[in-house]
Amino acid sequence: MLIGFSASVFAQEKPVNQHNISLQQAVAMAKENNKTVQVFGIEQKAAQADYSDAKNTMLPTLGIGGMYQRFSKATLYDHGLNDATQVSRLPSPDGANLGVDLAFNIYSGGKTKSVIEESSYRNALAAINSKDQAGNIGLQTAVQYLDLIRLYHFKELILDQEKRAEARLKNITSFYKNQRVTKSDLLRAELTLSNVLLNKTQNENDIAIGSKRLAILINVSDSEVLFPSDTLLANNLKEVVISDKNDANNSYALQKMDMNSKIQSTRIKNLKSNYYPSLSFISAYGFNYPNYLFFKPIDQIYSAGFVGVKLNYNISSIYQNKNKVKAAKYRLDAIELQKDWIKDNVKDDISALNIKYGEALNRIEVTDKSIEQAKVNFEIINTKYLNQLSLLTDLLDADNLYQESRYTFVNAQISALIIYYKLQYTTGNL
């Protein structure tokens with residue numbers, strides 16, 4: 001919607017390992033391949049596993065166990081520790097059991113449900129964190145990509161300025177040989193060309209650095225040179241309408257605070273469940289040796305089982321749980337207050353970005369007109385200088401004004417696009 005291909009602006013000889021990439025491709029690749037995004041994705045998978053584990057608490061617990069014992073002879077004492085005698089354990093020195101047991105929670109005051117609910121909210125929070133990080137990296141990638149576009153535009157402008165500086169130096173050198181200008185004009189012309197060449201080198205270095213930073217964000221090999229295939233379409237910027245998506249409630253920060261509020265609410269439910277009794281269904285079946293069900297013990301294996309219910313109530317929870325619930329409610333109040341504060345700030349950020357976006361569009365319109373005015377002014381001063389009707393200082397000022405107006409035009413377009421992407425991220429749409 002904002003970007004279009006322009007072969008004329010970025011036409012150059014590309015190295016073998018250089019690849020064209022559009023802004024949308026760069027953002028999409030970064031949101032998927034960036035290492036920090038992958039870290040949050042792994043954490044989201046862990047939260048999903050925790051949620052699945054929490055749901056398993058509703059299932060009955062089933063266990064199996066066995067034991068074997070061999071008793072030594074028992075030493076019997078009469079008259080204190082005197083008259084010791086040893087006898088064997090009846091009916092056998094061996095003892096063993098093997099069995100299974102089953103327990104199923106019937107009621108626990110809503111504790112199990114609250115644990116599962118909290119885990120589900122934590123899973124949702126992890127998903128929001130992952131989207132937030134992906135959106136943040138997408139914003140960083142867009143800003144870095146747009147900065148590269150800025151630098152490539154500057155490269156074209158600097159090359160154009162270099163041609164003007166070379167032509168000017170050539171003319172001034174000819175004037176100096178014919179004694180039409182002083183040595184100072186020649187030196188200033190040479191110095192101006194040197195400064196342009198320094199700016200050219202600096203801009204090329206910035207392009208190399210920016211390309212590496214973009215590669216890191218997208219997580220591609222260091223040997224890859226990424227070349228932005230998109231350029232600006234200033235006429236389309238005014239067509240971008242985002243007022244219908246400026247919902248503060250959709251921002252990642254508010255989504256996370258809303259989820260934290262739900263998590264704290266489930267914690268309160270969990271704590272309140274301690275006020276209620278717990279009821280469980282229990283059952284067991286096993287084999288035992290020897291048979292102690294009768295007296296005297298019988299040298300035989302027997303099997304038996306049971307089913308029943310178990311009721312438990314912690315009386316101390318009446319006074320031990322009170323302050324825990326109160327503290328949890330205070331924390332919930334703090335979260336709700338913080339949520340309101342964040343909402344106010346998000347609304348303020350959205351309002352400020354909208355104002356700045358309108359300002360950037362207006363700056364584009366103004367600077368677009370100023371370029372033609374600065375160009376005409378430069379041509380007039382240049383003609384006067386060639387006819388020795390103006391000073392070199394005036395010509396250099398006119399040249400700098402022309403160059404600055406074109407810089408400002410590029411910066412205005414880039415700024416508008418950066419503000420647009422910031423607004424997209426702030427409203428949770430990136």
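Trainee: Why is Thr-426 called buried in this predicted model?

Mentor: Thr-426 has a relative accessible area of 18%. Buried means under 20%, so Thr-426 counts as buried. Thr-426 lies in helix H9.

Trainee: What does Thr-426 touch, leaving out residues up to four places away in sequence?

Mentor: Its partners are Ser-251, Val-346, Asp-349, Ile-350 and Leu-353. Each pair has heavy atoms within 4.5 Å, as a contact requires.

Trainee: How much confidence does the predictor have in the chain?

Mentor: The average pLDDT is 86, and 92% of the residues score at least 70. By element, the lowest mean is 36, for strand E1 (residues 3-5), and the highest is 93, for helix H6 (residues 252-272). Over residues 1-16 the pLDDT is below 50, and this stretch has 37 contacts in the model beyond near neighbours in sequence.

Trainee: Why should low-pLDDT coordinates be read with care?

Mentor: Where pLDDT is low, the predicted coordinates should not be read in detail.

Trainee: How do you know that the length of H6 agrees with its number of residues?

Mentor: H6 has 21 residues, and at 1.5 Å a residue they should span 30 Å. The end C-alpha atoms are 31 Å apart, so the two values agree.

Trainee: What about H4?

Mentor: The reasoning runs likewise: the 36 residues of H4 should span 52 Å, and the end C-alpha atoms are 53 Å apart, which agrees. Just after H4, Asn-219 takes a positive phi of about 65°.

Trainee: What makes Thr-266 a buried residue?

Mentor: Thr-266 has 1% relative accessibility. The cut-off is under 20%, so Thr-266 counts as buried. Thr-266 belongs to helix H6. Setting aside neighbours within four places in sequence, Thr-266 is in contact with Ser-114, Glu-117, Glu-118 and Tyr-121.

Trainee: Which elements do the buried residues of H6 pack against?

Mentor: They pack against H3, H8 and H9. The buried residues of H6 include Tyr-252, Leu-254, Met-257, Gln-264 and Asn-270.

Trainee: Why does Val-325 count as buried?

Mentor: Val-325 has 7% relative accessibility, so Val-325 counts as buried. Val-325 sits in helix H8 (residues 322-386). Beyond its neighbours within four places in sequence, Val-325 is in contact with Ile-268, Leu-271, Lys-272 and Tyr-275. Val-325 and Ser-405 are 80 residues apart in sequence, and their C-alpha atoms are 64 Å apart in space.

Trainee: What makes a set of residues a nonpolar core?

Mentor: The residues must be buried, of a listed nonpolar kind, and joined through side-chain atoms within 4.5 Å. The largest such core has 70 residues, and those with the most contacts inside it include Leu-23, Tyr-145, Ile-218 and Tyr-421. Among the elements that give two or more residues to this core are helix H1 (23-33), helix H3 (111-177), helix H4 (183-218) and strand E7 (225-228). A second, separate core of five residues includes Leu-125, Ile-128, Met-259 and Ile-263.

Trainee: Which residues is Ile-218 in contact with, beyond its neighbours within four places in sequence?

Mentor: The contacts of Ile-218 include Ile-21, Ala-26, Met-29, Thr-141 and Leu-226.

Trainee: How many cavities of 30 Å³ or more does the structure hold?

Mentor: The structure holds one. The largest cavity has a volume of about 30 Å³. Lys-155, Ile-158, Leu-159, Lys-200, Asn-203 and Glu-204 line the largest cavity. H3 and H4 are the elements that give two or more residues to that lining.

Technical notes:
Residues are numbered from 1 along each chain as its sequence is written. Side-chain values use heavy atoms; hydrogens and water are left out. pLDDT is the predictor's confidence in each residue, from 0 to 100. Helices (H or I, at least four residues) and strands (E, at least two) are DSSP runs, numbered from the N terminus. Buried means under 20% relative accessible area, exposed over 50%, partly exposed in between (1.4 Å probe, protein chains only). The expected span of a helix is 1.5 Å times one less than its number of residues. On a 1 Å grid over the protein atoms alone, a cavity is a set of points where a 1.4 Å probe fits but cannot get out, and a pocket is an open set with protein on both sides within 12 Å along at least five of seven lines; lining residues have an atom within 4 Å of a point. Grid points are joined across faces, edges and corners, and a volume is the space filled by probe spheres set on the points.
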